[in-house]
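Student: Could you walk me through reading a few features of a protein model, one at a time?
Tutor: Gladly. Let's open it and start with a single residue.

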Amino acid sequence: MIPGLKSWAVKYGALANGRFGSNKSGFTPTDYVFPTFGSTPDPNVKAIENFQRENLFAFTSRELGQLDCLPTRELMPGNLQNDIMPLLQRGNWETEPAQPDFTRDHLYPLQNGKGMWSADNDEVWNVVEPIVKLASRMLMSIHVMLWFDALLNGERRPIPDHRLHPADKKEEDLQSFHVRGFVQAGLEQQRDDVFKILCTKFRLKYGFMIVSESPEGPENDPEEALGITVTNADYMQYDPEPKKSWRIFNKLDFGEPYFEDDALAEVGYSFESIINSGIPQEFLYDSTAHNPPLGHFLGRYWPTYYHVFARDLDNPILTAPDPHTHNEYFPIPISFYEDIQQEGFWSVLVRQFGNNVFHYRALKEGSRVNYTVTHVAQGKYKSSDPVRFTEGDPLKIVNGQFKYSVKGLQAAINLTPEERDALKFGQRLVTSSELQETFWTDAVEQQASIQNITHITASTSQAISTPDHIHQVYLAIFNSTRQAITSHERMIAGIMSQEAANDAIFSDRRKSLLAWNKGTRSFIRQLIRADAQGSLSLGAEELKMEQCRMALWNPNDENTRSGNDWLEITILQNARQALRDNHPDQCKHLCTHLLGEDWRSVFAECAARTILFAVGKDVREGWADRFMDLQKMTSILESLRAGAPGYWKNEVLALHTEVQSLLLTRDPATPMHVSPQQGVIVGQNPQEDTKVASPIPYPPTSPVDTGKMEE
C-alpha cells in the first residue's frame, strides 16, 4: 500500500488526479448533512460532490450509499449448491502460455507475490470458483429463454434494403434472427450440445489478461483486446505443424446476426439486454488503474448510440429503427449480487417466476442522458449532461412485474409446497426492496428539512430582527428540526428492519447516522441557547435523539468502541475512578468539561450530573437546585429505559438506581444531632457511601486528555 493512501484510493485508484489531495480517490462518501448555526456549506465538500456527480450520472457517493448501491457492507455468504459446468471447470483454464498458438510466452504474477494468475493457483481459484459457479447457474438456465431458442432455431431473415444507409447498400449476407413465440422441445439438449462442441472440438480455454498487453502477443494492439473470445487463426494458417488443430481462447471471425429489429449486431449485448431488461454499466472504471468498478448502473435501453463503439465492426449500423438517442441509468443495489448467490434464488424463485425475478431490485431513482447525433451512419454523437429523475410510471418500473407476480401468488388459495416456498422467498425479497425504497425516501425528506433550516438561518441574518420575527424564525427552525428528527427515527427503524431482512449489519449506514445524530444534538443545544425567550420545548426531541443513538450504538460491542460515543464513556469511567480515589477536583473537571460539549448524549449528561451531585452532596451552596436536577433525571432515565434496546436497559437501570439512592441524601442545611445510644448522625443515610459504583462495568481505562476530546 502506498504510504498515506486512503482506503478508497487503494481499492479504486486516486481518480480525482490530486484535486482533493494526492492520496484521495475523490469518491469517498461525504457525511450526512446536519443542521448548523451561522455557518456556510464547506466549499471543499461541495466541490467533491460536484466532482462525483460529474462522474456518477449526477449521483453522489453518499446518495448511492443511501440507496444501498455501494460495496461498503458485508454480504450474506453464498450457498449455491450446483456444480460447475464442464465448460467452466478448472481444467479448461490456462495454466501455462498458449504456445505455439500465440506468441505470448508468460503468465502474470499476483501483486501480493503469491504466485501467478493461473487457475492451478489456489489463491486465484478461491476467488474464481464462486464466480464460475454462479455463471454455470445462469448459463444452464439459458434454455428457457425465447432469445436462446431464436438464436439456434429462429427464422433467419436478410436485412431489408430500407434498413441500410446509402454507404452500406453494398453489404451482403447481413441477417437477423427472430423469436417464434414458443420454446422448441429439446432445447435443453441443444444447449448441452453447444457447450460440448466448445469443449471438445474447439477446446475452449480461459485465461487472464492485463489491459496494457494483448493476451495473444506483443505484435497485437492491446486496445483491441477487450477480454473477448479469439481463435488461433494465424497459427492454423501459417504454422507448418501438420497435427495442428483449431482452438478457441475465450471474437469469432464471422459477422454476427442482428436480433429482430436491433440496429446493432452484437449477440452478447443482446443477450444481456434480454435477461437484465437493460445493459449493466460500471459506476466508475479506469482501465489504466487496474482497479475494480465502484458498482453498476442498469442502462434501460439497448441499443443506443453509446453502444455503437462496441458493435461488430463487420456489420453496419442499421436504421428504421435507429439506435436510441437517449438512455436512462438506474443504480443496481448490491443486495442483488447478494441474492443471486443464494441457492433459493435459483431453485425457488427463478423456477417459479422465471427470469423476470432478475429485475425486482431495480430502483426508481435514475438519470437520463441524451445523445445528439452528428453522423448517423458512423454513429458519432455528443452526450448531454445527465439529469436526475424519479420514475413515477408503474408500467416503467422494471421491478413491478416481479412484485405483481408475488402478490398474484399470495392471492391464490391452493398452493403446492414449491409455490409456498416461492411465496415465502419472494415476500422476503419484496419486503427488503420496499424497505430500501422507504429508507431513501426518508433520507430525501431529511435532506429537504436540513436545506430549509439552512435557508432560514441564511435569510434571517439579512432581515430586520423584531422580537416577533425572531420568535417566528426559531419556530420555523424548530419545526424543520423536528421533521428532520422524525425522518432520522424512520431511517433507523428502516435500517434495523433491513438488517433483519438481509441478515446483515449495515455498519457504514449506522456510522453515518451516528455522525448525523451527533451533529444534530449539537445544533439542538445551540438552538436552546439562542432561544432567549425560552419559547421552544426541545426536551422531547433530545430524548428522541438519544433513543436513536442507543439503537445505533451498542456500548458492549468491542468493534464500535471508538468515536465520541466511546469517548464519553471513558470520561465517565475516569471521573468515577477519581471520585473513588478521593480526587474531587479532577472528577469535577472531567464532568464539567463533558457537560460543556454540545455533542454529549443525554445518558452521559445524566451520568455526569449524578457524579457531580455525589461529589458535592455535602456542599450547602446550590444544593437545592442540584437536588431538583437530580429529581428531573429520574423521569428522563425512566423514559430512556422504556425506549432503549436490550443492550442499554441494564446500563440505564443502574444509573437510575444510583440516582434514586442519591435522592435519599438530606440537605446539608438540615439540623443534625447525635444519638448517644447508637452514635449515628441523624439526618443522614447510614448506608450511604460516597464510593458510587459505575453503572457501566467496563474495564479501567487510562485518563483521557480532555483538551483533545473532539479528536
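**Reading a predicted model**

Tutor: Gln-342 is buried, with a relative accessible area of 5%. Keep in mind as we go that this is a predicted model.

Student: Where does Gln-342 lie, and which residues does Gln-342 touch, leaving out those up to four places away in sequence?

Tutor: Gln-342 sits in the loop between helix H9 (334–339) and helix H10 (343–353). With those sequence neighbours set aside, Gln-342 touches Met-76, Pro-77, Gly-78, Asn-79 and Leu-80.

Student: Let's turn to the backbone. Which residue other than glycine has a phi near 75 degrees, and is that residue buried or exposed?

Tutor: That is Ala-58, whose phi is positive. Ala-58 belongs to the loop between helix H2 (43–55) and helix H3 (61–66). Buried means under 20% relative accessible area, so Ala-58, at 12%, counts as buried. Compare Ser-277, another non-glycine residue with a positive phi, about 55 degrees. Ser-277 is in the loop between helix H8 (267–276) and strand E6 (279–282), and with a relative accessible area of 26%, Ser-277 is partly exposed.

Student: What about omega? Where is the peptide bond cis, with omega near -10 degrees?

Tutor: Look at the bond from Trp-302 to Pro-303. Pro-303 lies in the loop between strand E7 (296–299) and strand E8 (326–331). The bond from Ala-320 to Pro-321 is also cis, with omega near 10 degrees, and Pro-321 is again in the loop between E7 and E8.

Student: On to sheets. How do I read the strand order of the open sheet of 3 strands, and what is it?

Tutor: The general idea is that strands of a sheet pair through backbone hydrogen bonds, either parallel or antiparallel. Here the order is E1-E2-E5, with mixed pairing. Strand E1 (155–158) and strand E5 (258–259) are the edge strands, each pairing on one side only. Strand E2 (residues 175–178) and E5 run parallel and are joined by 2 bridges; Phe-177 has Phe-259 in E5 as its bridge partner. Helix H5 (residues 146–153) packs on this sheet, touching E1, E2 and E5, and its direction makes about 130 degrees with that of E2.

Student: And a pair of helices? At what angle do the axes of H18 and H19 cross?

Tutor: Helix H18 (residues 602–615) and helix H19 (residues 623–643) have axes that cross at roughly 145 degrees and come within 10 Å. The crossing of H18 past H19 is left-handed. On the H18 side, the residues that meet H19 include Phe-603, Cys-606 and Phe-613, while the H19 side includes Trp-623, Phe-627 and Leu-630. By class, this contact has 11 nonpolar, 1 polar and 2 charged residues.

Student: Which residues touch the most other members of the largest nonpolar core?

Tutor: First the general idea: in soluble globular proteins, nonpolar side chains tend to be buried together. In this model the largest nonpolar core has 68 residues, and Ile-477 and Leu-513 touch the most other members. H18 supplies the largest share of this core, 10 residues. Neighbours within four places in sequence aside, Leu-513 is in contact with Tyr-32, Phe-439, His-488, Met-491, Ile-492, Ile-495 and Leu-552. There is also a second, separate core of 25 residues, with Phe-51, Phe-57, Phe-59 and Ile-279 among them.

Methods
Residues numbered from 1 in each chain as written. Predicted model: local features only at pLDDT ≥ 70, side-chain atom pairs only at ≥ 80, totals over all residues. Heavy atoms only, no water. Helix = DSSP H or I, 4+ residues; strand = E, 2+ residues; numbered from the N terminus. Buried < 20%, exposed > 50% of the residue type's maximum accessible area, 1.4 Å probe, protein only. Contact = heavy atoms within 4.5 Å. Pairing = 2+ DSSP bridges. Axes fitted to C-alpha atoms, helices over the stretch in contact; angles between N-to-C directions. Left-handed = near helix turned anticlockwise from the far one by under 90°. Nonpolar A, V, L, I, M, F, W, Y, C, P; charged D, E, K, R; others polar. Core = buried A, V, L, I, M, F, W, Y, C linked by side-chain atoms within 4.5 Å.
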